Amino acid sequence: MTTHFVADTATLTGRSMRHIFRSADTIITTAVTPIALMLLFVFVFGGALRQSTGVDNYVNYLLPGILLIAIASGIAYTAFRLFTDLQSGIFERFHSMPITRSSVLWAHVLTSLVANGITLAIIFGVGLLMGFRTSASPLAWLAVIGILGLFTLALTWLAVIAGLSAKTVDGASAFSYPLIFLPFISSAFVPTETMPGPVRWFAENQPVTSIVNSIQALFAGQPVGTDLWVALAWCVGILVVAYAGAMLVYRRRIA
């Protein structure tokens, strides 16, 4: 069964990746908005925001939040592609074939990881051109990549639920809007200490803040503290719940 699962998932992932590379505009579109936000906040608001953050290089402070916005934008396309497959009838065709059924979902998930990885690499490149610099060690870089990968995986399974449950194309991707908005109410742009009471409480107790703080500390070569464990707990918790929910919806859909 494991051998069949790996082979089936690889074949279906190749199919999804071909769709991605044939319409590379999806990756470009996903990268454009975060890059535009980065340009806006660094070159327009950067002077004022440097005072509130207390950092000399604001792009170093900003980049982790921009990466999370890019991930939240990118997973919307996963929900869209999954919804399109359902509407075209390709799911029924796959289920009539002797393949592992869960491989259909895992192919979309792995495609999301690859596509979002490419988008993040583009944004990193633009960040370097804008002056992003880091003293992170190779181990810290691996930790950053691991956090971003785990966050992408967790949100992708949420996208799978949306893609399986949506009734319209707009509904398939609309779920990502609150996720895109979350970094704006976190420590991604300014410290939470500058926010009024209720907003500060929400910002300090939602997953994006701990993830941003962890990545900022890793890039700066500073001790991460408890933020890393809180970030990992959030990512793993979301992943477990989203995966269980996606499988439940999938079983009902194909029953």
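1. The radius of gyration is taken here over C-alpha atoms, and the globule rule is 2.2 Å times the number of residues to the power 0.38. For 255 residues a compact globule would have a radius of gyration near 18 Å, and the protein, at 19 Å, agrees with that. Along the principal axes, the C-alpha atoms fill a box of roughly 60 × 35 × 35 Å.

2. On provenance: this is a predicted model, in which local features need pLDDT of at least 70 and side-chain atom pairs count only at pLDDT 80 or more, while totals for chains, interfaces and linings use all residues. Residues are numbered from 1 along each chain as its sequence is written, and side-chain values use heavy atoms, with hydrogens and water left out.

3. Helices (H or I, at least four residues) and strands (E, at least two) are DSSP runs, numbered from the N terminus. The protein has twelve helices and zero strands. Its pattern along the sequence is accordingly written α-α-α-α-α-α-α-α-α-α-α-α.

4. Burial is stated by relative accessible area: buried is under 20%, exposed is over 50%, and partly exposed is in between (1.4 Å probe, protein chains only). Buried residues account for 49% of the 255 residues in the protein. The accessible areas come from the Shrake-Rupley method with a 1.4 Å probe, and for residues only the protein chains shown count as cover. The protein exposes about 12,200 Å², of which carbon and sulfur atoms supply 68%.

5. A contact means heavy atoms within 4.5 Å. Among contacts between residues at least 6 apart in sequence, 81% join residues at least 24 apart.

6. For charge, Lys and Arg count as positive and Asp and Glu as negative; His and the chain ends are not counted. Each charge is placed at NZ of Lys, CZ of Arg, CG of Asp or CD of Glu. There are 13 positive and 9 negative side chains in the protein, and the centres of the two sets are 10 Å apart.

7. A nonpolar core is a set of buried Ala, Val, Leu, Ile, Met, Phe, Trp, Tyr and Cys residues joined through side-chain atoms within 4.5 Å. The largest one holds 77 residues, and M38 and W157 touch the most other members. Helices that each supply at least two residues of this core include α2 (25–43), α4 (58–88), α6 (102–129), α7 (138–165) and α12 (227–254). The largest share, 17 residues, comes from α4. Residues up to four places away in sequence aside, M38 touches V59, L62, L63, I66, I123, V126, G127 and M130.

8. I71 lies in helix α4 and is buried, with a relative accessible area of 0%. Leaving aside neighbours within four places in sequence, I71 is in contact with N116, L120, L148, F151, T152 and L155. I71 and I123 are 52 residues apart along the chain, and their C-alpha atoms are separated by 11 Å. F80 is also placed in helix α4, but F80 counts as partly exposed at 35% relative accessibility. With neighbours within four places in sequence left aside, F80 is in contact with V169 and A172.

9. Which residues does T13 touch, not counting residues up to four places away in sequence? They are W106, A107, L110 and T111. T13 is found in helix α1 (residues 2–22) and counts as buried at 12% relative accessibility.

10. Two loop residues complete the list. F45, in the loop between α2 and α3 (46–53), is partly exposed with a relative accessible area of 38%. The C-alpha atoms of F45 and Y58, 13 residues apart along the chain, are 9.9 Å apart. P191, in the loop between α9 (176–181) and α10 (197–204), is buried with a relative accessible area of 16%. P191 and D170 are 21 residues apart in sequence and 34 Å apart in space, C-alpha to C-alpha.
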